Amino acid sequence: MRSIVCRRTPDPDAHARCRVGAATPVLQLGTLEVDLARDLVRKNGLPVTLTQKEWALLRVMAPRPERMHTRENLADALYGFGDEADSNTLEVFISRLRRK
């Protein structure tokens, strides 16, 4: 199923996420461990609880931490293509994710 979703998505970053998730299920980002296959996050070895929106952001950003993500790209991850959020909503979710 995952391979079908990866092949059919119009989002070019989704293909990178699928390859990373398949080849390297656990991403190590400093003290943060992100297991995209099992939806687990650990910071300093301790589990971190994320909301669905925080997970959506992390799934976009974690596989390619060196990349500058556009506001539009992140909003699409949160709300779907074409939907718009309030001007401050995205910043709030990113702020919460950074605090965790």
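Me: How many residues sit between β3 and β4 in their hairpin?
Reply: There are 2 residues between β3 and β4 in that hairpin, and asparagine 44 in the turn has a positive phi of about 55 degrees. Strands here are DSSP runs of E with at least two residues, helices are runs of H or I with at least four residues, and both are numbered from the N terminus.

Me: Before we go on, what sort of model is this?
Reply: This is a predicted model, in which local features need pLDDT of at least 70 and side-chain atom pairs count only at pLDDT 80 or more, while totals for chains, interfaces and linings use all residues. Residues are numbered from 1 along each chain as its sequence is written, and side-chain values use heavy atoms, with hydrogens and water left out.

Me: Thanks! Back to asparagine 44: is it buried or exposed?
Reply: Asparagine 44 counts as exposed, because its relative accessibility is 56%. The cut-offs are under 20% relative accessible area for buried, over 50% for exposed, and partly exposed in between, using a 1.4 Å probe and protein chains only. Asparagine 44 has its positive phi although it is not a glycine.

Me: Which other hairpin has a positive phi in the turn?
Reply: That would be the hairpin of β2 and β3, with 4 residues between the strands. Aspartate 39 lies in the loop there and has a positive phi of about 55 degrees, although it is not a glycine.

Me: And how accessible is aspartate 39?
Reply: Aspartate 39 has a relative accessible area of 39%, so it is partly exposed.

Me: What order do the strands take in the sheet?
Reply: The order is β1-β2-β3-β4, in an open sheet of 4 strands with antiparallel pairing. The edge strands, β1 (26–29) and β4 (46–47), each pair on one side only. Two strands pair if DSSP finds at least two bridges between them.

Me: How many bridges join β2 to β3?
Reply: Strand β2 (residues 32–35) is joined to β3 by 4 bridges. If you want a spot to look at, valine 34 stands opposite valine 41 in β3.

Me: And how many join β3 to β4?
Reply: There are 2 bridges between strand β3 (residues 40–43) and β4. Here arginine 42 stands opposite proline 47 in β4.

Me: Let's zoom out. What pattern does the whole chain follow?
Reply: Read along the sequence, the pattern is α-α-β-β-β-β-α-α-α. That is 5 helices and 4 strands. Buried residues make up 33% of the 100 residues.

Me: Now helices. Which residues of α5 are buried?
Reply: Thr89, Leu90, Phe93, Ile94 and Leu97 are the buried residues of α5. They are on the same side of α5, because they cover an arc of only 135 degrees around the axis; the arc is that of the directions from the helix axis to the C-beta atoms.

Me: Why do residues three or four places apart point the same way?
Reply: An α-helix has 3.6 residues a turn, so residues at that spacing point the same way.

Me: What does the face turned away from the buried side of α5 carry?
Reply: That face carries the exposed residues Arg98 and Arg99. The buried residues of α5, on the other hand, pack against α3 (52–61) and α4 (71–79).

Me: Can we pick one residue? Where is leucine 90?
Reply: Leucine 90 is in helix α5 (residues 89–99). It has a relative accessible area of 5%, so leucine 90 is buried.

Me: What is leucine 90 in contact with?
Reply: Leaving aside its neighbours within four places in sequence, leucine 90 is in contact with Leu57, Arg71, Leu74, Ala75 and Leu78. Contact means heavy atoms within 4.5 Å.

Me: At what angle do α3 and α4 pack?
Reply: They pack at an angle of about 135 degrees, with their axes 8 Å apart. That makes α3 oblique to α4, since angles under 35 degrees count as roughly parallel, over 145 as roughly antiparallel, 65 to 115 as roughly perpendicular and the rest as oblique. The axes are lines fitted to C-alpha atoms, for helices over the stretch in contact, and angles run from 0 to 180 degrees between N-to-C directions.

Me: Which residues make the contact?
Reply: From α3 it is Lys53, Ala56, Leu57, Val60 and Met61, and from α4 it is Asn73, Leu74, Ala77, Leu78 and Tyr79.

Me: Last one: what follows α4?
Reply: Glycine 80 follows α4, and its phi is positive, near 90 degrees.
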